[in-house]
Amino acid sequence: MAHYAAIMLAAGIGVPILAALNATLGKMIGSPNAAAVILFAVALTASVIVLLVLPADHAFAKAAKVPKHLFLGGVLVAFYVLAITHVAPHFGVGNAVFLVLVGQLISTAVIDHFGLFGAQVTSLTWIRAGGITLMTIGVAITQLA
């Protein structure tokens, strides 16, 4: 379990870095939309390299048979990248990522509580709701300081 935690910690560290890098790229080239396309081209290249190193056994054939709503994750990634690339230069990376984190806390609680999209069910207890509230307050404090 520790290696999963480490991977997700690294991914979390990468989100604001991604936001800052892509926001600056968009500003420097004069097009947040072009910056997003460049980011996705680099991401696709990196993903293909990983796929070549760690092949997925017949995954593309299997993907044709899954419910199509599962592909909406790609739309959400595009929305996030476009939004952060447009908003961060004007609103600040910290403010933008703060609201992303608050949104993640809210949607995570709903997804887990109802087991949406095949997620493991974890009921939203008063203790869990309190923890999410404390996390939100903690993140807010970091933006006020």
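Guide: Let us begin with a definition: a helix axis is a line fitted to C-alpha atoms over the stretch in contact, and the angle between two axes runs from 0 to 180 degrees between their N-to-C directions. Two packed helices are described by the angle between their axes and the distance between the axes. Please keep in mind that this is a predicted model.

Visitor: At what angle do H2 and H4 pack, and how far apart are their axes?

Guide: Helix H2, residues 32–53, packs against H4 at an angle of about 135°, and the two axes are 9 Å apart. Because angles from 65 to 115 degrees count as roughly perpendicular and those over 145 as roughly antiparallel, H2 is oblique to H4. The crossing of these two helices is right-handed.

Visitor: Which residues of H2 and H4 meet?

Guide: On the H2 side they include Pro32, Ala36 and Phe40, while on the H4 side Val77, Leu82 and His86 are among them. Sorted by class, this contact of H2 with H4 has 9 nonpolar and 3 polar residues, with no charged residues.

Visitor: How do H1 and H4 cross?

Guide: Their axes come within 8 Å and cross at roughly 70°, and H1 and H4 are therefore roughly perpendicular to each other. H1 also passes H4 in a right-handed crossing. Among the residues that meet are Val15, Leu18 and Lys27 in H1, and Tyr80, Ile84 and Pro89 in H4. By class, the contact of H1 with H4 divides into 9 nonpolar, 3 polar and 1 charged.

Visitor: What lines the second largest pocket?

Guide: The second largest pocket, with about 410 Å³ of space, is lined by 15 residues, and the closest to its centre are Gly12, Val100, Leu101, Gln104 and Leu105. H5 gives the most to this lining, with 7 residues, and by class the lining has 12 nonpolar, 3 polar and no charged residues.

Terms used. Residues numbered from 1 in each chain as written. Predicted model: local features only at pLDDT ≥ 70, side-chain atom pairs only at ≥ 80, totals over all residues. Heavy atoms only, no water. 1 Å grid on protein atoms, 1.4 Å probe; cavity = no way out; pocket = protein on both sides within 12 Å on 5 of 7 lines; lining within 4 Å. Points joined across faces, edges and corners; volume = space filled by probe spheres on them. Helix = DSSP H or I, 4+ residues; strand = E, 2+ residues; numbered from the N terminus. Nonpolar A, V, L, I, M, F, W, Y, C, P; charged D, E, K, R; others polar. Parallel < 35°, antiparallel > 145°, perpendicular 65-115°, else oblique. Left-handed = near helix turned anticlockwise from the far one by under 90°. Contact = heavy atoms within 4.5 Å.
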